[in-house]
Amino acid sequence: MMDRLDRRLPRSGQRGFILGVLTLALAACTSLVPHGELPAPPVAQRWPGDAQSGNAQGSVAAELHWRDYFAAPELVALIDTALQNNRDLRLALLRVEEARAVHGIQRAGQFPSIGAGAQGARSRLPGDLNASGRSMVGSDYEVFVGLSNWELDLWGRVRSLKEAALQEYLATEAAQRAARAALIAVVADAWLGLRELDERVALAQESLATREEAWRIFRRRNEVGAASKLELTQVETLLNHARALTARLQQARAAQAHALTLLLGAPTELASAANTRLRDEDVFMPLRAGLPADLLTVRPDILAAERRLAAARANVQAARAAFFPRIALTGSLGSASAQLDGLFAAGSRAWTFVPTLSLPIFDGGLRQANLDLAAVRSDMAVADYERTIQLAFREVADALSARQWLAQQVAIQRQSLDTQMQRARLAQLRYDHGAAAYLEVLDAQRDLLEAQQQWVQVRRSLLSSHIALYTALGGGSEHVPVVTSIP
């Protein structure tokens with residue numbers, strides 16, 4: 001402390017220096033504040049012709065809570081379980097907290113770090129090292145409050161780093177909402193897949209029971225000579241086909257249940273619902289697609305990309321500010337004395353004030369390389385922002401198109417199923433009256449089972465397109481007003 005007293009500035013010099021610093025700060029404090037407009041969205045003004053916007057009176061997906069959109073009570077309960085226990089979503093929440101802490105660290109850099117300290121020391125100096133020729137014992141006691149190496153952010157370097165951390169935090173928060181919406185969609189689609197397999201297994205088991213009865217009858221008829229061995233083997237072939245299909249579907253159902261359990265993050269009993277048939281009105285509500293430009297304000301992944309772009313631009317400003325001189329202040333105020341009992345006596349007041357100015361003259365191109373790196377990352381953020389918008393546009397267009405064409409496929413498949421049912425009935429009548437071989441009945445029954453399976457699959461695809469549209473339009477993310485700053 002006594003050494004620092006030797007370097008203290010005169011009071012008039014101190015005032016002049018502070019006045020000059022404040023004047024320079026007022027003139028330059030906004031010179032390098034990050035600026036920049038977002039690039040024009042690389043999307044069309046309308047949806048493609050094969051992607052109809054649907055019901056103009058429907059709800060806006062971003063304003064429709066997922067509990068209101070997914071009406072099935074079982075599905076709502078599963079989504080609730082997943083939101084509480086899914087590990088991926090938990091990691092996304094922790095990343096938000098991590099980004100918030102990083103922002104707090106950068107924000108603290110704008111303020112001086114003030115601390116208090118006290119120290120006491122005794123030392124002995126040999127006689128051959130002082131003019132008196134006698135050894136000396138000295139004491140030094142200090143108590144002080146001061147700030148250490150506080151940077152005057154004249155060029156906005158610290159503020160730019162704080163802004164970058166803030167935008168990264170907001171991007172992480174938006175990404176967490178995107179992960180939440182994606183989880184809701186994945187759980188809903190997995191549940192639809194489970195119910196699809198339940199219905200297909202039920203159809204296969206019904207067919208299996210019918211064919212087992214037919215095989216029993218034909219075996220008895222073969223034993224009494226009323227049916228040929230060829231007819232019996234044909235019936236048995238159809239029976240084995242139904243057995244193999246049932247086993248495959250049961251395996252697929254088990255795998256789907258395991259995948260859904262992993263999404264839920266907790267052990268859950270996923271009972272079979274073979275008698276439950278999926279219908280649009282039981283699951284979804286009508287949606288209004290709006291315009292492509294609406295996605296820019298409701299899709300959380302687009303908002304996250306926008307925030308990452310703002311963070312990259314702030315990092316460019318911080319890299320530019322590194323080329324300017326750095327001014328830092330160090331100072332302290334306290335009391336010092338050679339005797340402990342005189343530490344707070346009159347005349348023991350001590351202070352120090354040490355402004356420093358530094359500007360690297362040669363750094364091997366380090367600052368320029370940092371600026372180049374920040375600029376490249378900013379360009380990458382622009383490309384990522386534009387790609388995210390294009391991907392969002394495609395997802396909505398795909399979902400709208402799928403909803404339109406899959407609805408037609410469901411109607412066509414329903415007609416095909418009715419035709420196959422009629423064919424199977426007529427083939428059985430022809431065989432009963434001796435007008436056709438049993439092979440015709442077998443072919444009709446096999447085609448009927450295939451038509452039933454396809455009809456369930458295409459209906460599930462239509463329902464999945466509703467989920468995809470809801471998510472693509474920004475639903476399920478619990479959209480909130482955009483935060484631009486944190487106190």
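# A tour of the predicted model

Select G265. This glycine follows helix α7, and its phi is positive, near 80°. Keep in mind that you are viewing a predicted model.

**Stop 1: helix α7**

How far apart are the end C-alpha atoms of α7? They are 52 Å apart, and this agrees with the span that 36 residues should give at 1.5 Å a residue.

**Stop 2**

Two packed helices are described by the angle between their axes and the distance between the axes.

On α7, pick E231, Q234, V235, L238, H241, L245 and L249. On α12, pick Y438, L439, L442, Q445, R446, L449 and Q453. Colour these residues by class: 8 are nonpolar, 4 polar and 2 charged.

**Stop 3: helix α6**

Select residues 157-223 for α6. This helix has 67 residues. From its first C-alpha to its last, α6 reaches 95 Å, close to the 99 Å expected at 1.5 Å a residue. Just after α6 comes G225, with a positive phi of about 85°.

Keep α6 on screen and bring α12 back. Their axes come within 9 Å and cross at roughly 170°. Are α6 and α12 roughly parallel or roughly antiparallel to each other? Angles over 145 degrees count as roughly antiparallel, and α6 and α12 are therefore roughly antiparallel. Their contact has 13 nonpolar, 8 polar and 8 charged residues.

**Stop 4: the sheet**

Strands of a sheet pair through backbone hydrogen bonds, either parallel or antiparallel.

β2 and β3 pair in the antiparallel sense over 12 bridges. Select G115 and find its bridge partner, G146, in β3.

Next, select β3 (residues 136-152) together with β5 (residues 326-337). This pair is antiparallel too, over 10 bridges. Look for Y141, which stands opposite S337 in β5. Then look for V143, opposite S335 in β5.

**Stop 5: colour by confidence**

Finish by colouring the model by pLDDT. The protein averages 83, and 86% of the residues score at least 70. Among the elements, helix α10 (residues 300-321) has the highest mean pLDDT, 93. Helix α1 (residues 2-5) has the lowest, 38.

Now select residues 1-34, where pLDDT stays under 50. The model has 46 contacts beyond four places in sequence for this stretch. Residues 480-487 also stay under 50, with 15 such contacts. Where pLDDT is low, the predicted coordinates should not be read in detail.

How values were computed
Residues are numbered from 1 along each chain as its sequence is written. This is a predicted model: local features need pLDDT of at least 70, side-chain atom pairs count only at pLDDT 80 or more; totals for chains, interfaces and linings use all residues. Side-chain values use heavy atoms; hydrogens and water are left out. Contact means heavy atoms within 4.5 Å. Helices (H or I, at least four residues) and strands (E, at least two) are DSSP runs, numbered from the N terminus. Ala, Val, Leu, Ile, Met, Phe, Trp, Tyr, Cys and Pro count as nonpolar, Asp, Glu, Lys and Arg as charged, and the others, Gly among them, as polar. pLDDT is the predictor's confidence in each residue, from 0 to 100. Two strands pair if DSSP finds at least two bridges between them. The expected span of a helix is 1.5 Å times one less than its number of residues. Axes are lines fitted to C-alpha atoms, for helices over the stretch in contact, and angles run from 0 to 180 degrees between N-to-C directions. Angles under 35 degrees count as roughly parallel, over 145 as roughly antiparallel, 65 to 115 as roughly perpendicular and the rest as oblique.
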